[in-house]
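Let us walk through a protein model step by step. Keep the sequence and the 3D view side by side as you read.

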Amino acid sequence: MSRYSNQPLPANPSIAVIANDAIGNFVVVTPLLQMLRTELSPSLIDFYSGPRTREFQVKSDLIDNCYEFLGRPVGASLNDFRNRYDLVINVEKTPTAMVLATVLADGKGYVCGPAANLDGRGEMAFPEDLVGKLWEDTEWISPDLAAHYPILKSAFIGEIFCRLCYLEGHVPPYRVPAEVPSQSAPDVLISTAASLPNKLWTVPNWISLLNWLDREGLSVGLLGAKPSAQAEHWKGSSEEDQILGQTKLIDLRGTLTLPQVAGLMTKCKFIVTVDNGIMHLAAASGRPTVGLFRYGIHRLWLPPTGAVHAITPGEEQPVAAITLQMVEEAVRNVM
């Protein structure tokens, strides 16, 4: 096993990619998967993640095999994977992912991204080049990140992942499996839950926005996981119940597969969402979207497609500080 620093790889290399299983994490890796396909012509790309995005993984034409390392073991002895990969790419800096990267690359493979030392103690050093410095940089939301790293054309995380793997071509847009359901779509789709409390907008503001949209004659549907899973993995489940109880919001949570959610988005007029996985699916759909971001985070996570119109509060303020007037103005613009 060696650190990857753009050394020549065998023709049609075998590649493993390790990523978190949150929806947003899966979607932002799809440009990387596409560039690996086009620039390295791999014989296979195996994807190591978890159960929450499996519905996308198994239908993606960018992935040959998918294995769960989050939620439960991969299902086979890791010895079976020794010497299987020429290149192991890890974009998830957790102890479990770092150890997995080292185990999968042990033998003939190169490893790119966070990895544990072979003895399991400490982290493997990054290459001593500009890419290695970017891997080590903890300020990816810096407003001048791209200026510090000539390898970057933007500070978008999807591009960052590609450049960290020494891929130099055009960064493609998101590509996720989509299945358009037969049911009609509400005029507007929203998503209110998120992974952190400071990503949430307030219940009174959501209620006021929904009542205004109702007066405009627009139906609105709520996207998200089924309530039991929503409460387990995300913040804002109880807030969703409050909003549903006081508006005409249509509850679509847990009624669609992930590819069907992506497909339903293509049938609506526009989307309003906090910064979560639904926001990335909205960007993939190309539908006009109003996205509520924490200050500075939008520089890293806002997809550069132009479909998502970002709103941010003041510096060091939570999303809850975004006013109703700011969101209504953005919605009028996309309407």
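Which residues have the most contacts inside the largest nonpolar core? They are Val29, Leu32 and Ile89, in a core of 67 residues. A nonpolar core is a set of buried Ala, Val, Leu, Ile, Met, Phe, Trp, Tyr and Cys residues joined through side-chain atoms within 4.5 Å. Buried means under 20% relative accessible area, exposed means over 50%, and partly exposed lies in between (1.4 Å probe, protein chains only).

Some ground rules come next. This is a predicted model: local features need pLDDT of at least 70, side-chain atom pairs count only at pLDDT 80 or more, and totals for chains, interfaces and linings use all residues. Residues are numbered from 1 along each chain as its sequence is written, and side-chain values use heavy atoms, leaving out hydrogens and water.

Helices (H or I, at least four residues) and strands (E, at least two) are DSSP runs, numbered from the N terminus. Val29 touches Val17, Ala19, Phe47, Val91 and Phe161, not counting residues up to four places away in sequence. Touching here means contact, with heavy atoms within 4.5 Å. A second, separate core has 31 residues, including Trp201 and Leu249.

Now look at a sheet. Six strands form an open sheet with parallel pairing, in the order E9-E8-E7-E10-E11-E12. Strands E9 (250-251) and E12 (308-311) are the edges, and each pairs on one side only. Two strands pair if DSSP finds at least two bridges between them. Strands E7 (residues 188-191) and E10 (residues 270-274) are joined by four bridges. In this pair, Ile190 stands opposite Val272.

Charged side chains come last. Side chains of opposite charge can pair when their charged atoms come close. A salt bridge is a side-chain nitrogen of Lys or Arg within 4 Å of a carboxyl oxygen of Asp or Glu. The whole structure holds 13 salt bridges. One of them joins Arg52 to Asp21, with the closest N and O atoms 3.3 Å apart. These two residues are 31 residues apart in the chain. Arg52 counts as partly exposed because its relative accessibility is 29%. Asp21, at 5%, counts as buried.

Lys59 and Glu179 also meet in a salt bridge (3.2 Å, N to O). Lys59 lies in the loop between H2 and strand E4 (65-68), and Glu179 in the loop between helix H6 (157-164) and E7, so the pair ties together parts 120 residues apart in sequence.
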